[in-house]
Amino acid sequence: MSTKQWILHGVAAAALAVGAHAYFYYRRSAFRSRVIGIIPARFASSRFQGKPLVDILGKPMIQRTWERAKLATTLDRVVVATDDEKIAECCRGFGADVIMTAESCRNGAERCSEALQKLDKKYDIVVNIQGDEPLIEPEIIDGIVKALQTSPDAVFSTAVTALKPEDAFDPNRVKCVVDNRGYAIYFSRGLIPFNKSGKTNPEFPYNLHLGIQSYDSEFLKIYPDLTPTPLQLEEDLEQLKVLENGYKMKVIKVDHDAHGVDTPEDVAKIENYMRERNLS
């Protein structure tokens, strides 16, 4: 991107952000009480075709995620948002509400945004629950909801846990750095912070980002209209568009043995983990 393009990008982003920030400053005193969980799911994935429907010890992965989400006490409702009829039919079969969305959604946040606007009720917070975390703990869902409810200057909240040494240089494991007040500074597929030795520091508490995140519903409505940002495009991380546009993101740290399913090889790992712990 040229210097001129960077300047034009900055001016356009600032113009959109000024009005939006003014609205959220006005809105922030209101308590965000009505909460919906949305599980975005698509069949066509470059890394793992049909991932939401993969069988994990006798149940589709998306069913396991939905069952865990239903246990969260802060959620008034849980729905699946998808563009695929096979996924929709499967979800209706185990009792989930389904919202059909467009194939053109570029990421989970945009799919949640479209689903939100098709719902028959209004909600203050939307929780984007990644369908590839079938062992997500309901307490984590409740934690990020409460974090957003108690952080009126934030429009987004998410969770991190301790990064395992073997995941340090895995680009599928997103890392996060946080300031002293618990707000996100940056997300990356690379190791952050990265020291001059080029190696991991066994004494440093690196953070692994968990896919779950919650949004102020009014912010989520404008999210798709925010111009894609250079860091977002370079890292292919939707969280960076939020930060680059100047919004605050609250982060909670949790003790969670993350078992996301990013590739077909991860299925056997999570099934072995569940067998070892007698998780049905």
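Contact here means heavy atoms within 4.5 Å.

Let me start with confidence. The chain averages a pLDDT of 88, and 88% of the residues score at least 70. Over residues 2–19, though, the pLDDT is below 50. That stretch has 11 contacts in the model beyond near neighbours in sequence. Where pLDDT is low, the predicted coordinates should not be read in detail.

Now the overall picture. The secondary structure comes to nine helices and 11 strands. There are 280 residues in the chain, and buried ones make up 53% of them. The chain exposes about 13600 Å². Carbon and sulfur atoms supply 52% of that area. On contact range: take the contacts between residues at least 6 apart in sequence. Of these, 70% join residues at least 24 apart.

Next, helix 5, residues 138–149. The helix has 12 residues. From its first C-alpha to its last it reaches 17 Å, close to the 16 Å expected at 1.5 Å a residue. Is helix 5 enclosed or open? Ten of its 12 residues are buried, so helix 5 is largely enclosed by the rest of the structure. The buried residues are Pro138, Ile140, Ile141, Asp142, Gly143, Ile144, Val145, Ala147, Leu148 and Gln149. An α-helix has 3.6 residues a turn, so residues three or four places apart point the same way.

Follow the chain out of helix 5. Ser151 sits in the loop between helix 5 and strand 7. Is Ser151 buried or exposed? At 3% relative accessibility, Ser151 counts as buried, because the cut-off is under 20%. Leaving aside neighbours within four places in sequence, Ser151 is in contact with Arg32, Tyr183 and Lys250.

Compare a loop residue elsewhere. Asp76 lies in the loop between helix 2 and strand 4 (77–82). Asp76 is exposed, with a relative accessible area of 51%. Exposed starts at over 50%. Asp76 and Val35 are 41 residues apart along the chain, yet their C-alpha atoms are separated by 5.6 Å.

On to helix 4, residues 108–118. It is mostly covered: eight of its 11 residues are buried. The buried set is Gly108, Ala109, Glu110, Arg111, Cys112, Ser113, Ala115 and Leu116. Look at the start of the helix. There, a side-chain oxygen of Asn107 comes to within 3.2 Å of the backbone nitrogen of Ala109.

Now a hairpin. Strand 8 (residues 175–178) and strand 9 (residues 184–188) run antiparallel, joined by four bridges. Val177 stands opposite Tyr186 in strand 9. Between the two strands are five residues. In this hairpin, Gly182 takes a positive phi near 85 degrees.

Last, the backbone geometry worth a look on your screens. Which residues are joined by a cis peptide bond? Ile192 and Pro193, with omega about -10 degrees. Pro193 is in the loop between strand 9 and strand 10.

Leu57 has a phi of about 50 degrees, although it is not a glycine. Its place is the loop between strand 2 (55–56) and strand 3 (59–60). Leu57 is partly exposed, with a relative accessible area of 29%. Asn278 is the other case I picked, with a positive phi of about 55 degrees. Asn278 lies in the segment after helix 9 (265–276). Asn278 is exposed, with a relative accessible area of 71%.

To recap. Helix 5 is largely enclosed.

Terms used: Residues are numbered from 1 along each chain as its sequence is written. This is a predicted model: local features need pLDDT of at least 70, side-chain atom pairs count only at pLDDT 80 or more; totals for chains, interfaces and linings use all residues. Side-chain values use heavy atoms; hydrogens and water are left out. Two strands pair if DSSP finds at least two bridges between them. Buried means under 20% relative accessible area, exposed over 50%, partly exposed in between (1.4 Å probe, protein chains only). A polar contact is a pair of N or O atoms within 3.5 Å; within protein, one must be able to donate a hydrogen and the other to accept it, and residues adjacent in sequence count only if both atoms are side-chain atoms. The expected span of a helix is 1.5 Å times one less than its number of residues. Accessible areas come from the Shrake-Rupley method with a 1.4 Å probe; for residues, only the protein chains shown count as cover. pLDDT is the predictor's confidence in each residue, from 0 to 100.
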